[in-house]
Amino acid sequence: MLRNRYHLHHKAVLMVILPLLLFGWACSTQKNKLPNRLYHSINAKYNGYFNARESYREGIRRLSAAHNDNYEQVLSIFRYGNEQQATMVGNYMDVAYQKASIVIRRHSMNIRGVEYNPWIDASFYLIARSHYFKRDYNLAILTFEYIVRQYEPPTKYLAKAWIAKSYHQLNRYDDALRMLEMLKANKDAGQLDRETERLYMLVMADHHVRTDNYLAAVPFLQRAGALTSNKREQTRLTFIEAQLYHHSGDYTNAQQTYARVLKMNPTFELAFQSRISMAMAYAPGEGGGDFIESELNRMLRDDKNKAYRDQIYYALAQLNQRRGREEQAIEHLLRSVEVSEDNRLQKGLSFKRLAEIYFSRPEYLTSSVYYDSAVVYIPSQHDDFVEVNRQKSVLSGLAANIRTIAREDSLQRLAAMPETARNAVINKIIEDLREEERQARLVEQQMMRAASTIAQTRIRGGAGAQEGGWYFYNTTAMSFGRTEFFSKFGDRPLEDNWRIRNRRGADFDMAMDDEWEEEEEEAGDIFDRNTYLRNIPLTEEQMATSNLRMADAYYNKGMIFNERLRDYRSAVSSLESLVNRFPDSDRKQYAYYYLYNLYRELNDPSKANMYKDRLVAEFPDSEFASILGDPNYLEKLTERQQYGKRLYEQAYRAFLNNRYQEVIETSLHADTLDLPTSVHSQFAYIKALSIGKLGKKSEFKRELEHVVANYNGLPVYEPASFLLASLDVPGSLPLEFVEEDPEPESDPGQDIAFEGLAASSVFSYNPEAVHFFVFVAETARTDVPQLRNMVNLFNQANYGDRQLSASSIFLDDKQQIITVTNFSGKENGMEYYNKLMASEELAAFGKNNITGFIISVDNYPVFYQEKNLEEYKGFFRQKYIDQ
């Protein structure tokens with residue numbers, strides 16, 4: 001009995017120990033045996049890798065669900081959401097990364113450079129993609145590149161496609177294309193399986209879309225669709241194909257492809273957008289317009305589309321405009337704006353299209369009103385915003401000048417009337433305003449009664465319990481009220497006296513423009529006759545001021561037509577009105593010169609020569625007369641400017657090398673030469689600085705006073721004014737001008753290095769010097785006064801205690817400089833630079849048209865003289881950004 005028990009116990013121990021020994025032997029990752037491979041493969045696949053993959057898939061599912069398609073643009077081929085949406089899947093990608101990393105650490109069987117566990121490459125592939133979706137593209141590329149080097153197909157080929165996708169996200173399109181070309185070679189060799197080929201086709205199509213080569217993307221998208229088994233995804237790719245034709249102007253193929261989408265049993269959204277897009281892609285001469293219009297009207301009658309009526313009306317407007325029915329297009333656009341409730345972008349696009357139609361007529365004032373509205377509704381990050389805002393700025397300036405002319409004309413006509421007739425006109429204006437307010441109040445009461453009736457009806461019908469009986473809790477009544485309000489009053493701002501469209505006057509356009517904004521607070525009661533009488537020019541001085549306003553407005557209007565709108569005939573009309581109505585205007589010689597050039601542009605040589613003769617006869621000593629009277633004038637002027645430039649470079653190199661007496665002598669020599677005023681100003685300023693460097697304080701002050709008195713409006717004026725003001729403020733003058741200046745001793749090696757710097761760049765680096773902030777703006781694409789106003793508002797909001805000021809001057813005929821002074825040293829200047837350049841206010845102006853930087857007080861006049869923006873940008877990048 002004891003013996004049997006002993007044997008049973010011994011067998012039991014063996015049954016427990018033997019599996020443990022086998023398990024421990026199979027756990028080894030360095031033995032290429034079947035039990036080892038099975039153990040690690042099964043554990044990798046069904047434990048760590050399974051959990052990692054599920055977390056990754058859940059993250060992708062959520063990201064795809066959160067993705068919002070923007071049908072105004074070509075849809076993104078991959079539904080990966082935006083940067084903000086990507087953050088919500090970070091936790092899922094972290095879990096995928098951690099689980100897959102554990103699989104690699106515990107189950108990799110890399111024996112003498114060969115991996116025997118087939119799930120390790122899949123785990124690395126999962127890790128790399130988790131980096132991609134966490135938007136760590138550089139780390140993703142490194143991991144994908146490791147897969148390409150280390151593992152076999154198909155994973156290595158899939159990794160190549162994802163490397164190209166990562167390069168796309170980094171905007172490294174050349175690198176992406178090189179990787180795709182490598183993958184193409186693998187495809188041509190027949191090495192890609194179906195899944196990898198489909199991914200390659202999608203990435204290749206995405207590459208062409210990103211580089212705006214839409215038609216080149218079509219065959220890749222078609223092949224990807226053929227390799228796609230998911231019907232919904234196939235439909236989406238077909239819709240994108242139609243969009244590619246549409247945005248390339250191939251309307252026939254676009255129409256046909258949108259029709260194919262409708263036959264593929266699409267989702268409601270895709271079907272809706274396909275019908276809308278068919279109207280947008282209507283090609284005149286192809287036929288089918290009546291059918292498309294009937295389809296859109298049928299959609300309007302369908303209650304399911306009630307929330308999308310603004311888009312349908314917009315599509316009808318586009319269709320009618322393509323068919324040459326502009327008035328119907330305008331009606332549909334107005335209806336689109338009227339019925340739009342929550343879709344601010346669509347309302348903005350409808351306003352934009354109205355603005356474009358009236359601009360093309362050209363009816364600039366009406367267009368200006370619609371551009372003003374478009375800017376309110378189109379988001380600042382939208383592709384159209386910068387251009388819409390630019391047009392709004394240009395037309396706002398034009399409208400302001402047109403209003404100034406109309407207002408001054410009206411006021412002068414009133415001034416010419418007998419007092420009784422004048423008072424009668426003003427009384428009529430006041431009477432009309434009272435009637436407008438009375439009508440507005442009546443309409444408001446009618447709207448409230450109608451809304452109350454709707455609310456009571458809904459309450460009786462049982463709906464009131466859900467939406468509430470009070471008007472502002474009743475969504476139907478609210479919606480009705482919004483629609484009625486817009487139809488009666490348009491899109492009014494929330495402000496006092498909103499009922500009266502023109503609160504400052506009626507028939508004679510008494511509204512004040514920007515020039516009179518400061519008087520608005522004192523404007524008085526719009527129903528009081530004295531409010532209007534105070535603005536009528538009844539004295540000679542007041543009439544002269546009115547004429548000056550009108551002459552300036554004609555000139556400014558002409559310049560806007562000429563330079564910003566390229567409407568040369570309207571420019572001619574404005575400038576001829578100026579010279580005919582105001583023959584004594586200071587602007588007359590400028591108007592003659594521009595009229596001469598405009599008529600040459602319009603191929604009217606007789607009129608051009610007439611204004612040339614007038615200019616030479618009436619202003620013989622002007623620079624314009626010199627240009628037109630001497631065929632070689634510009635050549636001679638250029639020669640003088642080049643000589644002056646070379647002489648100034650010589651003086652500046654001497655200044656950088658502390659040879660101040662040589663600078664003074666060179667400047668005195670320049671005074672004897674016939675050089676442009678701008679060059680003389682440079683010499684005057686550098687001579688003053690040299691005298692200051694020599695410690696001659698009283699003479700330094702006299703020279704600065706000379707610069708300030710004679711060169712107002714030129715770049716040297718600002719730094720000279722600052723230094724002059726600093727002389728009387730203890731501690732505010734830069735240190736180099738405070739003490740008597742024995743020439744500093746220096747290391748010869750330093751002198752050589754400094755000479756090399758002076759030879760390679762005309763700019764010197766002095767981080768302790770006073771600095772200015774500078775914007776260089778293209779005048780044809782930027783509203784410089786509005787930009788300057790934005791800078792002043794930014795300064796008030798962020799640096800109210802510093803009393804910073806912004807001024808503007810022309811750099812050349814195409815660019816203006818806006819300068820903000822003063823900043824004590826590089827560090828303070830860069831703090832301001834970084835804050836302003838990152839501001840939301842600046843984004844509206846489009847950074848492609850504006851260059852911002854800081855510049856020392858010494859380099860500022862040099863920059864203006866050289867006008868070499870690219871050279872200074874390189875210097876600024878090297879000395880201020882990269883350091």
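Student: Are α9 and α10 roughly parallel or antiparallel to each other?

Tutor: They are roughly antiparallel to each other. Bear in mind that this is a predicted model. The general idea is that a pair of packed helices is described by two things, the angle between the axes and the distance between them. Here, the axes of α9 (residues 194–210) and α10 (residues 214–226) cross at roughly 160° and come within 8 Å. Angles over 145 degrees count as roughly antiparallel, and therefore α9 and α10 fall in that class.

Student: In which hand does α9 pass α10?

Tutor: The crossing is left-handed. Among the residues that make the contact are Met-201, Leu-202 and Ala-205 of α9, with Ala-217, Phe-220 and Leu-221 of α10. Arg-194, Glu-197 and Arg-198 of α9 also take part, as does Arg-223 of α10. By class, the contact has 13 nonpolar residues, one polar and four charged.

Student: At what angle do α19 and α24 pack?

Tutor: Helix α19 (residues 385–416) packs against helix α24 (residues 540–564) at about 150°, and their axes are 9 Å apart. By the cut-off used above, α19 and α24 are therefore roughly antiparallel to each other. Their crossing is left-handed. The residues of this contact divide into eleven nonpolar, seven polar and eight charged.

Student: How many residues of α15 are buried?

Tutor: Eleven of its 14 residues are buried, and α15 is mostly covered. The buried residues include Ile-312, Tyr-313, Tyr-314, Leu-316 and Leu-319, and also Asp-310, Gln-311, Gln-318 and Asn-320. What covers the buried residues includes α13 (268–280), α14 (289–301), α16 (326–339) and α17 (344–360).

Student: What span does α15 reach from its first C-alpha to its last?

Tutor: Helix α15 (residues 309–322) reaches 20 Å, close to the 20 Å expected at 1.5 Å a residue.

Student: Which residue with a positive phi follows α15?

Tutor: That is Gly-324, with a phi near 80°.

Student: Now a single residue. Why does Thr-238 count as buried?

Tutor: The cut-off for buried is under 20% relative accessible area. Thr-238 has 8% relative accessibility, so it counts as buried. It is found in helix α11 (residues 231–247).

Student: Which residues does Thr-238 touch, not counting those up to four places away in sequence?

Tutor: Thr-238 touches Thr-257, Arg-260, Val-261 and Met-264.

How values were computed. Residues are numbered from 1 along each chain as its sequence is written. This is a predicted model: local features need pLDDT of at least 70, side-chain atom pairs count only at pLDDT 80 or more; totals for chains, interfaces and linings use all residues. Side-chain values use heavy atoms; hydrogens and water are left out. Axes are lines fitted to C-alpha atoms, for helices over the stretch in contact, and angles run from 0 to 180 degrees between N-to-C directions. Helices (H or I, at least four residues) and strands (E, at least two) are DSSP runs, numbered from the N terminus. Angles under 35 degrees count as roughly parallel, over 145 as roughly antiparallel, 65 to 115 as roughly perpendicular and the rest as oblique. A crossing is left-handed if the near helix is turned anticlockwise from the far one by less than a right angle, and right-handed if clockwise. Ala, Val, Leu, Ile, Met, Phe, Trp, Tyr, Cys and Pro count as nonpolar, Asp, Glu, Lys and Arg as charged, and the others, Gly among them, as polar. The expected span of a helix is 1.5 Å times one less than its number of residues. Buried means under 20% relative accessible area, exposed over 50%, partly exposed in between (1.4 Å probe, protein chains only). Contact means heavy atoms within 4.5 Å.
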